[in-house]
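Biologist: Please take me through one part of this model closely. Begin with one loop, then follow the strands around it.

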Amino acid sequence: MLQTHVLGFPRIGLQRELKFALEKYWRHEIDADALELVGQRLRTQHWVLQQQAGLDYVTVGDFAFYDHVLNHIQLLGCEPTRFNFTPEQTALNRYFIMARGVAADTTQALTQPALEMTKWFDTNYHYLVPEFTADTQFSLQSEQLFQEVQQAQQQGYAVKVVLISPLSFLWLGKITTGEKLSLLPRLIPVYQQILQRLHTMGVQWVQFDEPILGLDLTSPWKSAFQPTYDALATIPINLLLTSYFSPLADNLNLACQLPVAGLHIDAVRAPEEVQTIAQTLATDKVLSIGIIDGRNIWRTDLNAVLPVLKAIQAQRQASIWLAPSCSLLHCPLSLSQEQRLDAEVRTWLAFATEKLEELHVLKQALSDEKTVESALQENARILHQRRNSTRVHVPAVEERLTSLDASSDKRHARFNERQAKQRARFNLPLFPTTTIGSFPQTSEIRATRAAFKAGKLDQVSYIQQMQSAIAHAIEQQTQLGLDVLVHGEAERNDMVEYFGEQLEGFAFTQNGWVQSYGSRCVKPPIIYGDVWRARPMTVEWTTFAQSLTEKPMKGMLTGPITILQWSFVRDDQSRAQTALQIALAIRDEVVDLEHAGIGIIQIDEPAIREGLPLRKAQWENYLTGATRAFRIAASGVANTTQIHTHMCYAEFNDILPAIASLDADVITIETSRSQMELLTGFADFNYPNEIGPGVYDIHSPRVPSVEEMLNLLKKAAAVIPASHLWVNPDCGLKTRTWHETTAALRNMVTAAQTMRASL
Ligand code: GLN
Ligand code: ZN
């Protein structure tokens, strides 16, 4: 029979109950039992929703108090020995110590940093990285999963358990000595034990998450699949091999022939593979089709996907399942909490709960279409409305895009010529000093913004208070003797939200939270329509700042790719197209800043690297579009205007040609944590334009000494011509205190002066 399921469900709760319970627990306001109760209640609520939508299984094992990879670290008994846990410490205590580096019992002296955190594939979810050595041992350690299964069974549900497969689990970790794959023989028996336990408990299906099937794997990894799955096949339980986020591509045949009972594929990210897989996969295996987009918030075009599903159904009879493309962890929970969304836009959306309903309709439609005729008609009506809505389509924006020509993304002159003109204009010293944009967001600044937003502070007072924050930032920078100043970003809550709120085509939810890590959630804006800029967004604040100083004031904008990357993006045109629309809106702002006398403008693109597709074959296409969007934003200005960009990930040597092709006059990058190592890549590549390698880590309250920064600068000057070097911190300073900030910047300016004197 045709069945439906989900790969995973959001954990955080309608009112972010999990977040608040966790934070209370960490503050010792509730105890472990109370926290566990919140977890139980949330799991139950989510299973009820799944059951109400007629799913054939509820999914168990997707819940986690902090992170599901961390759950596996405990389940598989591989807590790193560096934590030196003692027998008195409960599993929950150890769990949060590994997650946060902080003991719930603060009397304990802590010497170990938390596990490292990194992005889960190409999502904005961060998992905790398992740590292995050649000696890592595994053993079945935690009862949590089995208790959750029991909880669901006691409530009468048919349970499908989700686990990360041993191969993907190893791949996600890092190893200090030896090879990760050499641990496999020790890991597989533990998985066999787990599967055996689940079998004994009466569980029939285990969803075996194998997201690395969507990556370019080396041959040792590829060869590890067959023996691993042969060993697991000895346990009498059905495995659903589960891939998502990316095409199977060269792993397609491998995935189809492993000895498992079924295969889940992401039909949203790789629709072109569906037919081949439907034909290749043996018909006695289940094919789970991830047909509903688990990574986005749009209502599915049910009438468009039905024919695809029917064709497969005709081929494979009953052996198909329907599901969202990936876990719904990456979607907000429910539209029911949204009272302020535009009524029309709201009808176009489906969050996790609404996606369950879509599954329900699809399932009905495939067995007896008449029963859901009206739902299908309603879906068609809404999608028709969306396609033709004047809220979505703004002809002037679409025309402007088509009229872009080959010169739109090019500065008037080449870099060398621009550099000479800008030198003559700004007359900066060698090793010019600057910062990345934000200054400390004090509680006063936050309170002022919150009061204004809540309507408790009038506009005149708000502007006055923001201006005094700006004036303060400029006073400090002047005293420190920085060369290129910034206004400090006091008026900005978030570097994407600030612009999204002022651009047309964006909507904001009240409660559209998505887990980023642990108790941290983000509320991405929704880009639903053509994007354009109705009026200047930063010109007033920036010119006010410039009026207070003779030094150049650097205008501060967020780039098109970062805005795109940190939003839910419309699915009715290509992402590249949407990026270009945002680029034009930013270009308008850049040009207006220039007209207002701002000579240096920074366009931040911290997210350009994280947008890289998982498959290398798709990189070029992405990078071509992304860099063009940036250049379109940056190229409307005269040669004498200096464009900066900023990026802050410690890894981009592999995309240096693309970074160079941005043709920013100056790039500031995070480098201090890699001890300038990163710069050698730029040097080897002969990076042509100017660079500001960050000389200190802004993530830490520590104040770096002059010597430290001087050493880093010397290292930098050994590989990059001094005439091309800038001096700046790694990133913005909004999370630091003023005290730390001025102390660190004072040392930074001294280091720059010492460098100048040494030449
Ligand atoms: N201009 C921003 C700031 O200083 C840049 C933030 C970022 O790179 N993430 O806060
Ligand atoms: Zn940064």
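Modeller: Start at Met 676, in the loop between β20 (666-669) and α25 (677-684). Helices (H or I, at least four residues) and strands (E, at least two) are DSSP runs, numbered from the N terminus. The model is predicted: local features need pLDDT of at least 70, side-chain atom pairs count only at pLDDT 80 or more, and totals for chains, interfaces and linings use all residues. Residues are numbered from 1 along each chain as its sequence is written, while chains are lettered from A and ligands numbered from 1 in the order in which they are written.

Met 676 has a phi near 70°, a positive value in a residue other than glycine. Is Met 676 buried or exposed? Met 676 is buried, with 22 other C-beta atoms within 10 Å. Buried means that 20 or more other C-beta atoms lie within 10 Å of the residue's own; exposed means 12 or fewer, and partly exposed is in between, with C-beta atoms placed from the backbone.

Now go past α25. Asn 686 sits in the loop between α25 and β21 (690-693). Its phi is also positive, near 60°, and Asn 686 is not a glycine.

Next, the strands. β20 and β21 belong to an open sheet of five strands, in the order β17-β18-β19-β20-β21, with parallel pairing. Two strands pair if DSSP finds at least two bridges between them. β17 (554-558) and β21 stand at the edges, each with a single partner strand, so one side of each has no neighbour in the sheet. From one strand to the next, the twist averages 20°. Strands of a sheet pair through backbone hydrogen bonds, either parallel or antiparallel.

Look at one pair inside this sheet. β19 (residues 642-647) and β20 are joined in the parallel sense by four bridges. Across this pair, Met 647 stands opposite Ile 669 in β20.

A helix covers part of the sheet. α22 (residues 575-595) lies across β17 and β18 (600-604), and runs at about 170° to β17. For such packing, residues are in contact if their C-beta atoms, placed from the backbone, lie within 7 Å. Axes are lines fitted to C-alpha atoms, for helices over the stretch in contact, and angles run from 0 to 180 degrees between N-to-C directions.

For comparison, turn to another sheet. This open sheet has eight strands, ordered β1-β12-β11-β10-β9-β8-β6-β2, again with parallel pairing. β1 (3-4) and β2 (58-60) are its edge strands; each has a single partner strand, so one side of each lacks a neighbour in the sheet.

Inside it is β10. Five of the five residues of β10 (residues 262-266) are buried, so this strand is largely enclosed by the rest of the structure. In a regular strand the side chains alternate between the two faces of the sheet. Here both faces are covered: Gly 262, His 264 and Asp 266 are buried on one side, Leu 263 and Ile 265 on the other.

β10 also has named partners. Three bridges pair β9 (residues 238-242) with β10 in the parallel sense. Thr 242 is opposite His 264 in β10. On the other pairing, five bridges join β10 to β11 (residues 286-292), and these strands run parallel. There, Leu 263 has Leu 287 in β11 as its bridge partner.

Methods:
Two residues are in contact if their C-beta atoms, placed from the backbone, lie within 7 Å.
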